[in-house]
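Trainee: I have a new model open and would like to learn how to read it, feature by feature. Could you take me through it?

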Amino acid sequence: MGRNCIAVDMDKEMIDGAKQNVEWALQNDSTKSKYQIMIGDACNLEDSIPKQWHGKISGVVLDPPYGRNSHGTHEHFELISNAIDSMTKVVSDKAKLVLIIPIKPSESDDDIQLLHGDWGEFVSMMNQSGAEIINHWREHVHASLARLILLASIAPRD
Ligand SMILES: C[S@@+](CC[C@H](N)C(=O)[O-])C[C@H]1O[C@@H](n2cnc3c(N)ncnc32)[C@H](O)[C@@H]1O
């Protein structure tokens, strides 16, 4: 898409895999997108993202761990809310957040059941974090899993 991007994960194995995927995906890329893939903490982007990009990041995509964080540092919602808090320290005005969350498959668009946690509590957590939900879409994965792709706006905060 020609976007420049910085990708962060705390696990070196995931970083190495992501680098291989991006190299494969961009092998015929004509847009000359620039990207950096680095070890860092989504809950401390201020220290993880190079200073030159602070205030210039217009979009963030967060694909948090499912259920309990494998690193045991945060519960699911707590990690998301801490990550949103840390995003507000590095994003530009009018930034957007795309969040990917596992849900149970359902026929109805109004019936959202998270795989881990309660949808109502999730929405409260988003409101308390200052993230405004704009829209969401379902993506079918298999018989017992779907994903919610959620778009929200986030604003810079000191
Ligand atoms: C559902 S996976 C997403 C993987 C990634 N989207 C990919 O496909 O390369 C969740 C990832 O979150 C990472 N993670 C968990 N806590 C984190 C944190 N505080 N900061 C950065 N990454 C974290 C885990 O290492 C894991 O790779």
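Mentor: Gladly. Keep in mind that this is a predicted model. Let's begin with exposure: a residue counts as exposed when its relative accessible area is over 50%. Lys 94, at 74% relative accessibility, is therefore exposed.

Trainee: Where does Lys 94 sit, and what is the value of its phi?

Mentor: Lys 94 belongs to strand S4. Its phi is positive, about 55°, although the residue is not a glycine.

Trainee: Is Met 1 buried or exposed?

Mentor: Met 1 has a relative accessible area of 94%, so it is exposed. You will find Met 1 in the segment before strand S1 (5–9). As for distance, Met 1 and Lys 51 are 50 residues apart in sequence, and their C-alpha atoms are 24 Å apart in space.

Trainee: And what about Ser 48, buried or exposed?

Mentor: The cut-off for buried is under 20% relative accessible area. Ser 48 has 14% relative accessibility, so it counts as buried. This serine is in helix H2 (residues 45–48). Beyond its neighbours within four places in sequence, Ser 48 is in contact with Met 38, Gly 40 and Asp 41. With Asp 41 there is a polar pair: a polar atom of the Ser 48 side chain lies 2.9 Å from the backbone nitrogen of Asp 41.

Trainee: How many bridges join S4 to S6?

Mentor: There are 9 bridges between S4 and S6, and the two strands run antiparallel. One of the bridge pairs is Ile 100 with Ile 149 in S6.

Trainee: How should I think about the nonpolar core?

Mentor: In soluble globular proteins, nonpolar side chains tend to be buried together. In this model, the largest nonpolar core has 31 residues, and Met 87, Phe 122, Met 126 and Ile 154 touch the most other members. Strand S3 (57–62), helix H3 (76–87), strand S4 (91–103), helix H4 (119–128) and strand S6 (145–154) each give two or more residues to this core.

Trainee: What does Ile 154 touch?

Mentor: Leaving out residues up to four places away in sequence, its contacts include Val 60, Ile 84, Met 87, Val 91 and Leu 97. Lys 94, the exposed residue we began with, is also among the residues that Ile 154 touches.

Trainee: Finally, the ligand. Which residues come nearest to it?

Mentor: Of the 13 residues around the ligand, Asp 9, Met 14, Asp 41, Ala 42 and Asp 63 come nearest. A polar side-chain atom of Asp 9 is 2.6 Å from a ligand oxygen atom. Asp 63 places a polar side-chain atom 3.1 Å from a nitrogen atom of the ligand. With Met 10, a backbone N or O atom lies 3.2 Å from a ligand nitrogen atom.

Key: Residues are numbered from 1 along each chain as its sequence is written. This is a predicted model: local features need pLDDT of at least 70, side-chain atom pairs count only at pLDDT 80 or more; totals for chains, interfaces and linings use all residues. Side-chain values use heavy atoms; hydrogens and water are left out. A nonpolar core is a set of buried Ala, Val, Leu, Ile, Met, Phe, Trp, Tyr and Cys residues joined through side-chain atoms within 4.5 Å. Buried means under 20% relative accessible area, exposed over 50%, partly exposed in between (1.4 Å probe, protein chains only). Helices (H or I, at least four residues) and strands (E, at least two) are DSSP runs, numbered from the N terminus. Contact means heavy atoms within 4.5 Å. Two strands pair if DSSP finds at least two bridges between them. A residue is near a molecule or strand if one of its heavy atoms lies within 4 Å of it. A polar contact is a pair of N or O atoms within 3.5 Å; within protein, one must be able to donate a hydrogen and the other to accept it, and residues adjacent in sequence count only if both atoms are side-chain atoms.
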